[in-house]
Amino acid sequence: MRKRDDILQAAERLFYENGFHTTSTDQLCQEAKVSTRTFYRYFPSREILTEAVMAARQQRFFEGLHSPDHPQAISQLFLLLEQWMREYGASGCFFIKAWGEYAREDVRLSALALDFRYALRRYIASCLGSSDAALADTIWILFEGAITSALITGPEAASRAGKAALFLLAHGKEQS
């Protein structure tokens with residue numbers, strides 16, 4: 001299983017940095033330090049590899065979140081985003097990059113790329129309970145905007161967006 005994990009980690013990094021289609025199997029094998037034969041034993045196709053990378057990345061991100069009923073769930077969401085951008089890069093969203101490359105050629109992979117967005121939106125809505133769908137969407141937009149803003153301002157964009165989200169939450173509670 002270690003070699004499979006090495007391939008997944010190498011693919012995630014290379015896909016994020018270079019793109020899904022421009023990353024060659026040779027690059028993946030070299031980065032993961034595996035033979036082509038080993039590579040294809042674990043991932044018989046590029047699509048299977050891409051799906052596995054997206055699933056692993058989404059799972060890791062969601063494992064870093066608090067449960068939706070935790071009082072610091074929204075705060076943790078933005079802290080985690082900033083940590084991820086510091087660790088993995090602030091060059092845009094991995095899933096949007098995947099969607100952009102697969103949207104016109106692979107319906108399944110493009111849908112899986114958007115699944116992260118849907119899951120994140122549901123998570124934020126469940127953090128707020130049934131209180132305010134518009135507020136949940138606003139916080140989701142802050143999250144999305146932080147990813148894009150980080151291209152210019154760096155990972156600190158997540159911290160600033162998190163502060164704005166907490167302000168909106170506090171303001172919303174005052175209005176109730």
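The second largest pocket has a volume of about 230 Å³. On a 1 Å grid over the protein atoms alone, a pocket is an open set of points where a 1.4 Å probe fits, with protein on both sides within 12 Å along at least five of seven lines; lining residues have an atom within 4 Å of a point. The volume is the space filled by probe spheres set on the points.

The model is predicted: local features need pLDDT of at least 70, side-chain atom pairs count only at pLDDT 80 or more, and totals for linings use all residues. Residues are numbered from 1 along each chain, and side-chain values use heavy atoms, without hydrogens or water.

Among the lining residues are Asp5, Arg13, Ala56 and Tyr88. The helices α1 (2–18), α4 and α5 each supply at least two lining residues, and α1 gives the largest share, seven residues. Helices are DSSP runs (H or I, at least four residues). The lining divides by class as follows.

| Class | Lining residues |
|---|---|
| Nonpolar | four residues |
| Polar | one residue |

Ser67 lies in the loop between α4 (46–63) and α5 (73–88). Because its relative accessibility is 39%, Ser67 counts as partly exposed, a class between buried (under 20%) and exposed (over 50%), with a 1.4 Å probe and protein chains only. Leaving out residues up to four places away in sequence, Ser67 touches Ala73 and Tyr123, where contact means heavy atoms within 4.5 Å. The C-alpha atoms of Ser67 and Leu77 are separated by 10 Å.

How values were computed
Nonpolar A, V, L, I, M, F, W, Y, C, P; charged D, E, K, R; others polar.
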